[in-house]
Amino acid sequence: MVNCAGEVNCAGDLAPLLGANATGAADYICNMFRDASYAVDNTYLLFSAYLVFSMQLGFAMLCAGSVRAKNTMNIMLTNVLDAATGGLFYYLFGFAFAFGSPSNGFIGRHNFALGSTPSCSFDYSNFLYHWAFAIAAAGITSGSIAERTQFVAYLIYSSFLTAVSSISPAPALLFMSLEASPVYGVHLLRDRGSAGSIIRVDPGSFNKISIIYPSGEKYYGQWSAVGRTAVTTTLAGCTAALTTLFGKRILTGHWNVTDVCNGLLGGFAAITSGCSVVEPWAAIICGFVAALVLIGCNKLAEKVKFDDPLEAAQLHGGCGAWGVLFTGLFASEKYVREVYSTRPAHYGLLVGGRWRLVAAQVVQILVRYRFYILDS
């Protein structure tokens, strides 16, 4: 028997063990555990939403430190209003465009203004979690066009951004890419001015966090993947920060805090795609190459006189693209099978896999660039 959330009812397994009144006792025990599971899932999603929202503070400080003093109040105001307008317009339109099923596979057509929430598929915590990502995408854009737009024009733009940011390009062409890769949509935001499919990130691993992996070790399960994700993300960011620091020192002859901050962000942007399916040592490689990609993209931007005060396009577009390709090269077979157990296991080319995953990741990069550039 399967409940609303698609989980198997455990009463049938417990009944033979409980003797008299087995059915009633089994139902009671299973319902208690199920209620606790829903509570834990929602708490975890809400806590994750709070952490993602805290990135707004970082965006605000980075933008304020990168613009002229006279524009500090203006850039701080735009960061606050990204959250305010984003909350209202994502509630009215954005969440429905992303998750309003039934849809045509490209954009949702139901559940505007959370009309069908809560339901078996989504609770209010899901909305808050995806809203936090949507306004994070808007925050990146506000930095990339800092000091270059009128306030009212940006307010209209930010509202539109979070309202339509859930449209996903060419889903049929992305069938082979790892599920983590749609996060890359936010890193192409600078080129398109939209959050892409970032708000389509699936929180399904949160709902299964208590599951033990079939390894025979009771201490090893979905929670290990969550911890591994935190470790790989940290290592990639740290490596990229140090590589950028010393790389720019060699090129320019001085230390620069902005370079270090952007290098750190470049490492984070790169590792997002494969953070849950790569080894920690591979994350270090990811961060090192991401720093070189960032430095190279900045040199190219200077040469072609590309106007971007916060290096947003180079950081999110360049390092994000490397991160998607990196997943196709270093995704571990073991971790892919664990995290995506219901899908065929295609893993990294440089760790024993074949070209299929790499090809899918390259297609994803090209399709997204084409979609965002043409739609900009």
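Here is a short tour of some side chains and how they pack. Keep in mind that this is a predicted model.

**Stop one: a lysine**

Select Lys248, which sits in helix α10 (residues 222-252). Is Lys248 buried or exposed? Its relative accessibility is 14%, and the cut-off for buried is under 20%, so Lys248 counts as buried. Now show Asp259 as well: the side chains of Lys248 and Asp259 make a polar contact at 3.2 Å. Which residues does Lys248 touch, if you skip those up to four places away in sequence? They are Gly253, His254, Asp259 and Ile295.

**Stop two: rings**

Next, colour the aromatic residues. The whole structure holds 15 aromatic pairs. Pick out Trp281 and Phe330: their ring centres are 6.0 Å apart and their planes meet at 80°, so this pair is edge-to-face. Trp281 belongs to helix α12 (residues 280-303) and Phe330 to helix α13 (residues 312-330), so the pair ties together parts that are 49 residues apart in sequence.

For a whole group of rings, select Tyr90, Tyr91, Phe95, Phe99 and Phe127, which ring pairs link into a cluster.

**Stop three: arginines over rings**

Select Arg228 and Tyr335 together. Arg228 lies over the face of Tyr335, 3.6 Å from the ring centre. Then try Arg249 with Trp255: here Arg249 lies over the ring face at 4.7 Å from its centre.

**Stop four: the cores**

In soluble globular proteins, nonpolar side chains tend to be buried together. To see a case here, go to the largest nonpolar core, which has 27 residues. Which of them touch the most other members? Select Ile271, Val277, Val278, Trp322 and Phe326. Helices α10, α11 (257-271), α12, α13, α14 (333-339) and α15 (355-375) each supply at least two residues of this core, and the largest share, six residues, comes from α13.

Zoom in on Phe326. Leaving out neighbours within four places in sequence, Phe326 is in contact with Ile271, Val278, Ala282, Ala283, Cys286 and Ala331.

Notes: Residues are numbered from 1 along each chain as its sequence is written. This is a predicted model: local features need pLDDT of at least 70, side-chain atom pairs count only at pLDDT 80 or more; totals for chains, interfaces and linings use all residues. Side-chain values use heavy atoms; hydrogens and water are left out. Helices (H or I, at least four residues) and strands (E, at least two) are DSSP runs, numbered from the N terminus. Buried means under 20% relative accessible area, exposed over 50%, partly exposed in between (1.4 Å probe, protein chains only). A polar contact is a pair of N or O atoms within 3.5 Å; within protein, one must be able to donate a hydrogen and the other to accept it, and residues adjacent in sequence count only if both atoms are side-chain atoms. Contact means heavy atoms within 4.5 Å. Rings of Phe, Tyr and Trp (its six-membered ring) pair if their centres lie within 6.5 Å; planes under 30 degrees apart count as stacked, over 60 as edge-to-face and the rest as tilted. A charge sits over a ring if NZ of Lys or CZ of Arg is within 6 Å of the ring centre and within 35 degrees of the ring normal. A nonpolar core is a set of buried Ala, Val, Leu, Ile, Met, Phe, Trp, Tyr and Cys residues joined through side-chain atoms within 4.5 Å.
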